[in-house]
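Dear colleague,

I am passing this structure on to you, and below it you will find some notes on what came out of a first look. Please read them with the structure open beside you.

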Amino acid sequence: MAAETKAGSFDVIIIGSGPGGYVTAIRASQLGMTVAIVERELLGGICLNWGCIPTKALLKSGEVYEQLDHLADYGLSVEKRGFDFDKVVQRSRKVSAQLNAGVAFLMKKHGVEVVEGAATLTKGSPAPNVVVALKAGGSRTLIGKSVIVATGARARTIPAIGLEPDGERVWTYREALVPKSAPKSLIVIGSGAIGLEFASFFRALGSDVTVVEALPRILPVEDEEVSKAALKAFEKRGLKFRVPANVKKLTKTKSGVAVEIEAGGKAETLEAEVAIVAVGIVGNVEDIGLEALGVKIERTHIVTDRHGATGVPGLYAIGDVAGPPWLAHKASHEGVHCIEHIAGLKPTNIDSPIPGCTYSTPQIASVGLTEAQAREQGREPKVGRFPFRVNGKAIASGETDGFVKTVFDGKTGALIGAHMIGAEVTEMIQGYVIAMTCEATEAELQGAIFPHPTMSEAMHEASLDAYGLVLHI
Ligand code: NAD
């Protein structure tokens, strides 16, 4: 039996220190609670260490490198173009390490006790007890008035058809972040955010990339016009697509992988050095003792009410483990809401719109309803569009691909959706998120002053266009 070290009592114990868990811990501390956070791996979770952040670092390297192809367009030249793949990866790891240390600093600053180890829940009162198998050896029992599960999610694999990482030729996002070299050829299975970000990065470094998507269009959750424009833009960069195509089997060959697909009723085999599996994610619900406590789990996610309550007294769940959308900012938002609810406050921001961003080249960003969803809901949408090709700043920057699309409720004039593709749209979408959070209508967006010259002027124009008032076309 492992030695039991000192027990501890807290107002709240959080399991998992991703953007859901650690932000909740800070808010709990602000609310005057005593807090412990349990982490089995690295502070900051997948987002900071193996997801959002290190991918953005890699993508930036890829983007800068690809831009070198276009130096002449800007009247510039360099003598020799090249990259050191090791250094590209090292930079990405360094960025993660910096932010990981940042979370450790924040935990200390807010008096949050960090417990390193793997947590299991056992019966307790008022909330389940948290038994931690400590990283340093032994175990420790933590007793909390409330326990929040924020254990996140991981890549979905399909071992039955060979979609399972082997660390060598079949990768999930995790292996794809730290490869020894950029593969000469690559098959990416799945065209969601993860698949397209890696496809975009490796293409920028010269890999021959083919993306296989089972549904009829890439980025299937985005507005149809955006999916179409994205496909065109990616193909222009030399990416290849098989859409729709079902992966039947992945096998390892002498030199790489063979992916059997079925497209348009025909069987075909694609070959490459490496395959990346990006076919969605599953919640980390195993080995925490959830079943024994009677926690309801549906399709690998913990079922909760609007406040994160699981139905087991004192036990809550937030973020990826509590279901889609699987986004860091949704996890943080849910965590803050949950802890404010536990503290007896009445959070009012429960239904805030959740933006989604894909940081490929081109970037894609959206919030709210697509045009098709608005029609399905009988919103009689008024739709506006504005292309970057006639925007002054976009022309000056040489970033004229893409457009902005707005969707307004035909009856009330409320902005109910916005969809963008092009350079820096992941930074611009926030303007529409604030507008939607404040329930802005077309009148406010049309009356707002957008700085000139900026690409954001296209956001103004798309709002004007929905009502036949566009100025620059
Ligand atoms: P996803 O669900 O977004 O996309 C997976 C895609 O794979 C889907 O389009 C699906 O149709 C396709 N697919 C599934 N099975 C397939 C098969 N057998 N053959 C071919 N295609 C198949 O999942 P993801 O890209 O893995 O991302 C997981 C989650 O993480 C998403 O919710 C995503 O939004 C989130 N995420 C967000 C960001 C970001 O905000 N930039 C980055 C990474 C991940």
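**Strands, a helix and a buried serine**

In this predicted model, strands E11 and E12 form a hairpin, with 4 residues between them. E11 covers residues 246-252 and E12 covers residues 257-263, and the two pair in the antiparallel sense over 6 bridges, with Leu250 standing opposite Val259 in E12. E12 also pairs with strand E13 (residues 266-272), again in the antiparallel sense and over 7 bridges, and the bridge partner of Val257 in E13 is Ala272. The hairpin of E12 and E13 has 2 residues between the strands, and Gly264 in that hairpin takes a positive phi near 55°.

There is also an open sheet of 5 strands, in which the pairing is parallel and the order is E7-E14-E8-E9-E10. Strand E7 (170-171) and strand E10 (240-242) stand at the edges with a single partner strand each, so one side of each is left without a neighbour in the sheet. Within this sheet, strand E8 (residues 185-189) and strand E9 (residues 208-212) pair over 5 bridges in the parallel sense, and Ser185 stands opposite Asp208 in E9. Helix H6 (residues 193-204) packs on the sheet, where it touches E7, E8, E9, E10 and strand E14 (274-277), and the direction of H6 makes about 165° with that of E9.

Ser207 lies in the loop between H6 and E9. Is Ser207 buried or exposed? With a relative accessible area of 1%, Ser207 is buried, and, leaving aside residues up to four places away in sequence, Ser207 touches Ala182, Pro183, Lys184 and Phe202.

Methods:
Residues are numbered from 1 along each chain as its sequence is written. This is a predicted model: local features need pLDDT of at least 70, side-chain atom pairs count only at pLDDT 80 or more; totals for chains, interfaces and linings use all residues. Side-chain values use heavy atoms; hydrogens and water are left out. Two strands pair if DSSP finds at least two bridges between them. Contact means heavy atoms within 4.5 Å. Axes are lines fitted to C-alpha atoms, for helices over the stretch in contact, and angles run from 0 to 180 degrees between N-to-C directions. Buried means under 20% relative accessible area, exposed over 50%, partly exposed in between (1.4 Å probe, protein chains only).
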